[in-house]
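Here are my notes on the model, point by point. Have it open while you read.

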Number of protein chains: 2
Amino acid sequence: MRFNFSGGPGVLPETVLQQAQAAIANVPEVGLPLLGISHRSDWFAAVLAETEANIRALLDLPDDYHVLFLQGGASLQFSMIPMLLLRGRDKSADYLRTGYWSAKAIPEAAREGRVRVIWDGERAGFRRLPNDGELDCAADAAYLHYVSNETVEGLQFHRVIGRDDVPRVCDMSSDFLSAPCDAHRYALIYAHAQKNLGPAGATVVILRRDLLDDVPPDLHTSLDYRSHVKAKSIYNTPPVFALYVVMLVTRWLLRDIGGLSRMGEINAAKAARLYGAIDASDGFYRGHAAAPDRSTMNVVFNLGSPELEAEFLAHAQTAGFSGLAGHRSLGGIRASIYNAMTQDAVDALCEFMDDFRQR
Amino acid sequence: MRFNFSGGPGVLPETVLQQAQAAIANVPEVGLPLLGISHRSDWFAAVLAETEANIRALLDLPDDYHVLFLQGGASLQFSMIPMLLLRGRDKSADYLRTGYWSAKAIPEAAREGRVRVIWDGERAGFRRLPNDGELDCAADAAYLHYVSNETVEGLQFHRVIGRDDVPRVCDMSSDFLSAPCDAHRYALIYAHAQKNLGPAGATVVILRRDLLDDVPPDLHTSLDYRSHVKAKSIYNTPPVFALYVVMLVTRWLLRDIGGLSRMGEINAAKAARLYGAIDASDGFYRGHAAAPDRSTMNVVFNLGSPELEAEFLAHAQTAGFSGLAGHRSLGGIRASIYNAMTQDAVDALCEFMDDFRQR
């Protein structure tokens, strides 16, 4: 394969892969293979410290936030968040149901307390996101939860939503560090690594310190953010390899790319090229998401019939494009163009799409 | 460094590291770098299937067990197990407190129900394990929980304990697949990968199917074993890289080593050599664990004073032996000699120990 458009785990920068590969044999500063280095070594402490510093620099994050590295993916965050913020509270939490992933978060929250679904995109076929006028955010909500980019449907919020006086909690798994995001306006941001950040198995959680001022009693230690804060993310053995790669990726973003403004421009250009090819196809390719809510990360579209889509996917595979099948829940085509996807690869895909259409 | 005696993440076989390194650049069957391959690909389904088959073959595991690959380490199992087996039950669970790790499991269980600590090794300085006559295992316990090998203290059960009519639950994190273990006598076995099995970030859970016949209501989806059974361990994105390495290690155990009987012989020989060097040192080196309970995985010992221990560690480091410092909770020296540690490395350490003593 030449080009990997997989929805995740996604493509990583070539230079990062080369460094990860070298470290498997030997980390020169330690003199050991990466997989045999203790998570309590000075070297790994420096890896975590640099990763955190890179993320803080990229997001211009104020000091009153913790940056944690956890396991269990976004799915475990669906549970840990309401355990902290909803359990035993005399408040309800506001959730948006904008697609596959935000829908998965809701039943977990409902185990811990009252949930209000303040927007349900199902009636719009999960093809668009709400306007501010359609959102009835409660002033007394425990928190507001939403997913910034719905990976499956290719829907992305291009603004911060909700009220500044209610804690904003956002699953940024599929667009974290893809563009500037006004991190200081959120109370809690979480993102698994395997889209823009590194290999599967690591999850970044950024939370404002005051969220830990009032924690329900009797949380299990592994499920209590305070354990991970206190232990600087090595309460138990973390995924050392995955976090090393996250460090390399954040370093690449900071030094090679030059920060999130530039990354956002690159991603916007790639997305514009691909949506442009769809829009110029006279309806041969049909975008799933309404134009204002189109994702810069996941470009979801259909062809005239499932048979034609199968033919498209087969030809694409032969031509060296992998990972283009839509999510199993939706079908169709999905081209995921995460940070490490190059403009050249997007150009090549657009040319393939034009050729396929003309045949 | 030439030799890595770290308590974990531990040393891995050289051939496994070479294969892992090659896969970072490209997995030939897929034509993509390992870190960009989807966890829902046919290739990864085959990786999980082979890993499971290898573990089943190595343990001669009956069909009525599930084999799961999870995240969160043994620490999350400390919580998931009592959530399943103790929550809402009119029974208590029997726990052994034999060292650092078994002690960590107890408070998590106590959040879910009644716990009886039926042996507390603290009065013996965590230097020995109980005899069968000292264990008062309740016939009506929800389950019995123990740790087969205490990594910190270097204590290992060389027999199966407890009653056959009460579910046995065992944390085998640090001796899983190091020797035959009568897996069919356990209801649930769990082990994180980073000792004998692979990189940190993956955890193997083996559980008898009937444990899932009666599950408490309202478990969070990520914390309910049934979610992972139903989804064949890809309920959410698993740590693809770590699990690929676990496959390579189990393949190495089966094909290169030839199974657990042979692995057990090799490990026993390495341990005998090292304890022999301690016992022949006229008290210069002093083993921590009582002889019958000495671990074949973690050889813990002291020298006459903390100053002498510091000198030993400094000289060892210079001589190419890393990871020999005891666990931070106990101090002293710990040589971890997991499956992938070679007899040559153990011989070299013993020679170094003799030289150091004679100087």
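1. Chain A splits into domain 1 (14-257) and domain 2 (259-358), with bounds from an automatic or database domain assignment. Their centres, taken over C-alpha atoms, sit 26 Å apart.

2. Before going further: this is a predicted model, where local features need pLDDT of at least 70 and side-chain atom pairs count only at pLDDT 80 or more, while totals for chains, interfaces and linings use all residues. Residues are numbered from 1 along each chain as its sequence is written, chains are lettered from A and ligands numbered from 1 in the order in which they are written, and side-chain values use heavy atoms, leaving out hydrogens and water.

3. Between the two domains of chain A, about 2,300 Å² is buried, 55% of it on carbon and sulfur atoms. Buried area here is the accessible area (1.4 Å probe) lost when two parts are put together, summed over both. On the domain 1 side, A:Arg127, A:Val152 and A:Ile257 supply 23% of the area buried against domain 2, more than any other three residues.

4. In chain A, α2 (42-59), β6 (149-150), β7 (155-156) and α6 (240-257) each supply at least two residues of the domain 1 side that touches domain 2; helices (H or I, at least four residues) and strands (E, at least two) are DSSP runs, numbered from the N terminus. The largest share, 4 residues, comes from α6(A).
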